[in-house]
Amino acid sequence: MSTLTVWKFPSAEGADRVEATLKSLQKEGLIKILDAAVVSWPADRPKPRTKQLINLVGAGALSGTFWGMLFGLIFLMPLLGAAIGAAAGALGGKLADVGIDDDFIAEVKEKVTPGTSALFLLTMNEVPDRIGAALPDGGAELLHSNLDTRSEARLREIFGEEAA
């Protein structure tokens, strides 16, 4: 079973500092990272900065399209025009089928605000308590949505990818 987790950090730089920690946790067998992305939102910026952590993942990674659409739904929806908004709404409905529903999106939108950052992880075999304790910047708040094997396959189908 795959798990999509979101770890919110109390500073805009916190999530940017996790790469070495994640590599160490993966080496220890506490986590198998399928994909990862970071959102950093400096307090003086109108919108967050995002990046996929490509060097942490292998063949099972989702496309940048997935992360772009998810982050667009979470952080940019009010800025989208009507036509794009309708397409995003249709995509949002498909994501709800795999456990990324309006409640998940609303919670992330409410908690990841200017002056904070977040780590988005798609993992297998994780030990959340050990991961949380190992994260830098005084730890992080865990938000998550579980994806079973069928949901992960459906997610990959939505974005035109084969399941790993």
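Student: What do the side chains of Asp16 and Arg49 do?
Tutor: They meet in a salt bridge, at 3.1 Å from N to O. The term means a side-chain nitrogen of Lys or Arg within 4 Å of a carboxyl oxygen of Asp or Glu. This pair links distant parts of the chain, 33 residues apart: Asp16 sits in the loop between strand 1 and helix 1 (19–27), and Arg49 in strand 3 (residues 49–52). Helices (H or I, at least four residues) and strands (E, at least two) are DSSP runs, numbered from the N terminus.

Student: And what should I keep in mind about the model itself?
Tutor: This is a predicted model, where local features need pLDDT of at least 70 and side-chain atom pairs count only at pLDDT 80 or more, while totals for chains, interfaces and linings use all residues. Residues are numbered from 1 along each chain as its sequence is written, and side-chain values use heavy atoms, with hydrogens and water left out.

Student: What does pLDDT average over the protein?
Tutor: The average is 74, and 65% of the residues score at least 70. pLDDT is the predictor's confidence in each residue, from 0 to 100. Over residues 77–92 it stays under 50, and there the model has 14 contacts beyond four places in sequence. A contact is heavy atoms within 4.5 Å.

Student: Back to the charges. How many salt bridges does a search of the whole structure find?
Tutor: It finds 4. One of them joins Glu141 and Lys111, at 2.7 Å from N to O. That pair also links distant parts of the chain, with Glu141 in strand 5 (residues 141–147) and Lys111 in helix 4, 30 residues apart. Salt bridges with shared partners join Glu107, Lys111 and Glu141 into one network.

Student: How accessible are Glu141 and Lys111?
Tutor: Glu141 is partly exposed at 31% relative accessible area, and Lys111 is partly exposed at 23%. Buried means under 20%, exposed over 50%, partly exposed in between (1.4 Å probe, protein chains only).

Student: Which residue does Glu13 meet in a salt bridge?
Tutor: Arg17, at 3.9 Å from N to O. Glu13 counts as partly exposed at 42% relative accessibility, and Arg17 is partly exposed too, at 44%.

Student: Switching topic: is strand 1 enclosed or open?
Tutor: Largely enclosed by the rest of the structure, because 8 of its 8 residues are buried. Both faces are covered, with Ser2, Leu4, Val6 and Lys8 buried on one side and Thr3, Thr5, Trp7 and Phe9 buried on the other.

Student: Which strand does strand 1 pair with?
Tutor: Strand 4, in the antiparallel sense over 8 bridges; pairing takes at least two bridges found by DSSP. Ser2, for instance, has Met124 in strand 4 as its bridge partner.

Student: How many residues are in the largest nonpolar core?
Tutor: It has 21, and Val6, Trp67 and Phe71 are among those with the most contacts inside it. A nonpolar core is a set of buried Ala, Val, Leu, Ile, Met, Phe, Trp, Tyr and Cys residues joined through side-chain atoms within 4.5 Å. Helix 2 gives the most to this core, with 7 residues.

Student: What does Val108 touch, neighbours within four places aside?
Tutor: Val108 is in contact with Val6, Ile74, Phe75, Phe120 and Leu143. There is also a second, separate core of 17 residues, including Val18 and Leu119.
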